[in-house]
Amino acid sequence: LFVSTHNFEFFNLLKEMPVTKTGYKYSNNPVKSNESRYFISRKLDESQIEKLPDVYNSYSSEYHYLFSEVVSFNNSTNKSTYPKLLLMPNILRRFLEMYTLTQYPSTDELDARADIIFGKLLSKRICKPFHYFSHFNNIDRIGRQSELIADISSACSTLITYLENKTDDKHYKALKLAIS
């Protein structure tokens with residue numbers, strides 16, 4: 001059986017279906033499962049079938065993946081050499097967009113939701129560094145690095161500390177479970 005989909009939710013459903021030695025448990029005509037998953041990559045005018053990247057099998061959503069990246073960076077002993085250091089502002093911003101929507105579903109912008117959830121002071125502490133790196137609005141920044149990159153570590157640490165200390169937070173526990 002070969003199933004092709006662009007729908008990530010359907011893909012996750014297929015991954016969760018129980019598989020027996022003879023195939024999928026609920027199939028009328030069970031087919032042996034070899035648990036192979038592939039990815040069709042496109043490059044200009046050609047396509048190629050490749051093994052599915054591990055990230056698709058490791059996480060059930062982008063939200064879980066982003067959380068794992070924030071935690072991994074936060075737990076890193078040498079943040080200055082972290083392989084995704086320069087991507088962390090965007091990873092943090094994207095995670096916070098989703099997190100704040102889960103906590104305060106509204107049409108408000110990220111900053112307004114973060115102010116309500118974290119309070120104005122903590123919100124500014126967490127959001128300022130990623131705003132600087134996620135929004136390129138100054139031509140002078142093209143040719144040099146900014147010392148604010150060092151502040152990303154503090155922003156991630158502040159966020160994780162907030163999540164850990166939030167009383168009775170089933171959401172955080174579920175996130176931790178999803179990446180373990």
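Which residues does Glu97 touch, not counting residues up to four places away in sequence? The structure is a predicted model, in which local features need pLDDT of at least 70 and side-chain atom pairs count only at pLDDT 80 or more, while totals for chains, interfaces and linings use all residues. Residues are numbered from 1 along each chain as its sequence is written, and side-chain values use heavy atoms, with hydrogens and water left out.

Glu97 touches Leu110 and Arg113 once residues up to four places away in sequence are set aside; contact here means heavy atoms within 4.5 Å. Glu97 itself belongs to helix α4, where helices are DSSP runs (H or I, at least four residues) numbered from the N terminus, as are strands (E, at least two). With a relative accessible area of 22%, Glu97 is partly exposed; buried means under 20%, exposed over 50%, and partly exposed in between (1.4 Å probe, protein chains only). The side chains of Glu97 and Arg94 are joined by a polar contact of 3.3 Å. Such a contact is a pair of N or O atoms within 3.5 Å; within protein, one must be able to donate a hydrogen and the other to accept it, and residues adjacent in sequence count only if both atoms are side-chain atoms. Between Glu97 and Glu109, 12 residues apart along the chain, the C-alpha atoms are separated by 8.7 Å.

The aromatic rings come next. The structure holds 7 aromatic pairs; rings of Phe, Tyr and Trp (its six-membered ring) pair if their centres lie within 6.5 Å, and planes under 30 degrees apart count as stacked, over 60 as edge-to-face and the rest as tilted. Tyr63 and Phe95 form a stacked pair, at 5.3 Å centre to centre with 10° between the planes. Because Tyr63 lies in helix α3 (residues 62-75) and Phe95 in helix α4 (residues 88-103), this pair ties together parts that are 32 residues apart in sequence. Tyr63 counts as buried at 12% relative accessibility, and Phe95 counts as buried at 0%.

Phe67 and Tyr172 have ring centres 6.0 Å apart and planes at 85°, so their pair is edge-to-face. Phe67 lies in helix α3 and Tyr172 in helix α8 (residues 170-178), so the pair ties together parts that are 105 residues apart in sequence. Phe67 is buried, at 0% relative accessibility, and Tyr172 is buried too, at 10%. One aromatic cluster is formed by Tyr63, Phe67, Phe95, Tyr99, Phe118, Tyr162 and Tyr172.
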